[in-house]
Amino acid sequence: MLVVDDEPGVRKALQRGLRAEGMDVVTAVDGPSGLRLAQTGSFDVLLLDIMLPGLSGYRVLQRLRAEGISTPVLLVSAKDGEIDQADGLDLGADGYLVKPFSFVVLVAQVRAVLRRAQQEGQGRGPLRIGGLVVDRATREVRWHDDPVALSPREFGLLEVLVGRAGTVVTKDELLRAVWGDEQAATRNVVEVYVGYVRRKLDAVGAGSLVRTVRGHGYLASDPQLDEVLSG
């Protein structure tokens, strides 16, 4: 889940509460940062404040929908006017919460939009980092206009890494996600397959996107994403 809000107290409270509900949470402090993260397509739902520095929540939502990114969006605002809510919904929002809101209601809305997205077959759009596109529907990978041929296992590994862009993924997590069972393969096998993927990305100039975080696991990111997350 991506939470975009310029108030530190709100971000911290939401991050703590949503993690307690079992959700992985990434936060952004302004409109441009939120847009850059959301453009990766790696989030299941966005909680987007309307009044943001740099780019309003309305404009972030408008850009995402114009780019074909259908990630469910819940808009958050101190404005409770009918016109404000209608504007947000017309732009493609999946819900609207008025501050101050009940955390219980927020969690219920998040779960509701996730269920609706699952029923409608959403949430499987392309993943993007810079010029890399991982198309989960066709199971194809492109770096700009160049196709990157991957085996099914290699595709699964890259899909997990790019699907959690900017987050370290451990070898055990990759074993469970790609091989289905930590006993089905060893951590050394994960290292070997990461090497395979890196070599194929290197061949098209995208090898730097998959990195080793020593003692922890692997990370998919690019300089722009690094800048947003470090901020």
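Trainee: About 40 Å³ of space lies in the largest cavity. What makes a set of points a cavity?

Mentor: The model is predicted, so local features need pLDDT of at least 70 and side-chain atom pairs count only at pLDDT 80 or more, while totals for chains, interfaces and linings use all residues. Residues are numbered from 1 along each chain as its sequence is written, and side-chain values use heavy atoms, with hydrogens and water left out. A cavity is a set of points, on a 1 Å grid over the protein atoms alone, where a 1.4 Å probe fits but cannot get out. Its volume is the space filled by probe spheres set on the points, which are joined across faces, edges and corners. The structure holds one cavity of 30 Å³ or more.

Trainee: How do you know which residues line the largest cavity?

Mentor: Lining residues have an atom within 4 Å of a point. Those of the largest cavity are Val3, Val4, Asp5, Val10, Leu14, Leu47, Leu48, Asp49, Val76, Lys99 and Phe101. Helices (H or I, at least four residues) and strands (E, at least two) are DSSP runs, numbered from the N terminus.

Trainee: What makes a residue of this lining nonpolar, polar or charged?

Mentor: Ala, Val, Leu, Ile, Met, Phe, Trp, Tyr, Cys and Pro count as nonpolar, Asp, Glu, Lys and Arg as charged, and the others, Gly among them, as polar. The lining therefore divides into eight nonpolar, no polar and three charged residues.

Trainee: How are helix 2 and helix 3 placed, and why is their arrangement given that name?

Mentor: Helix 2 (residues 31–38) and helix 3 (residues 57–66) pack at about 25 degrees, with axes 9 Å apart. Axes are lines fitted to C-alpha atoms over the stretch in contact, and angles run from 0 to 180 degrees between N-to-C directions. Angles under 35 degrees count as roughly parallel, over 145 as roughly antiparallel, 65 to 115 as roughly perpendicular and the rest as oblique. Helix 2 is therefore roughly parallel to helix 3.

Trainee: Which residues of helix 2 and helix 3 meet, and what makes that a contact?

Mentor: Contact means heavy atoms within 4.5 Å. Gly31, Leu35 and Ala38 of helix 2 meet Val60, Arg63 and Leu64 of helix 3. These residues divide into four nonpolar, one polar and one charged.

Trainee: Why is helix 6 described as it is relative to helix 8?

Mentor: The axes of helix 6 (residues 152–163) and helix 8 (residues 187–202) come within 10 Å and cross at roughly 90 degrees. Helix 6 is therefore roughly perpendicular to helix 8. Their contact includes Leu157 and Leu158 of helix 6 and Tyr193 and Tyr196 of helix 8.

Note on methods. 1 Å grid on protein atoms, 1.4 Å probe; cavity = no way out; pocket = protein on both sides within 12 Å on 5 of 7 lines; lining within 4 Å.
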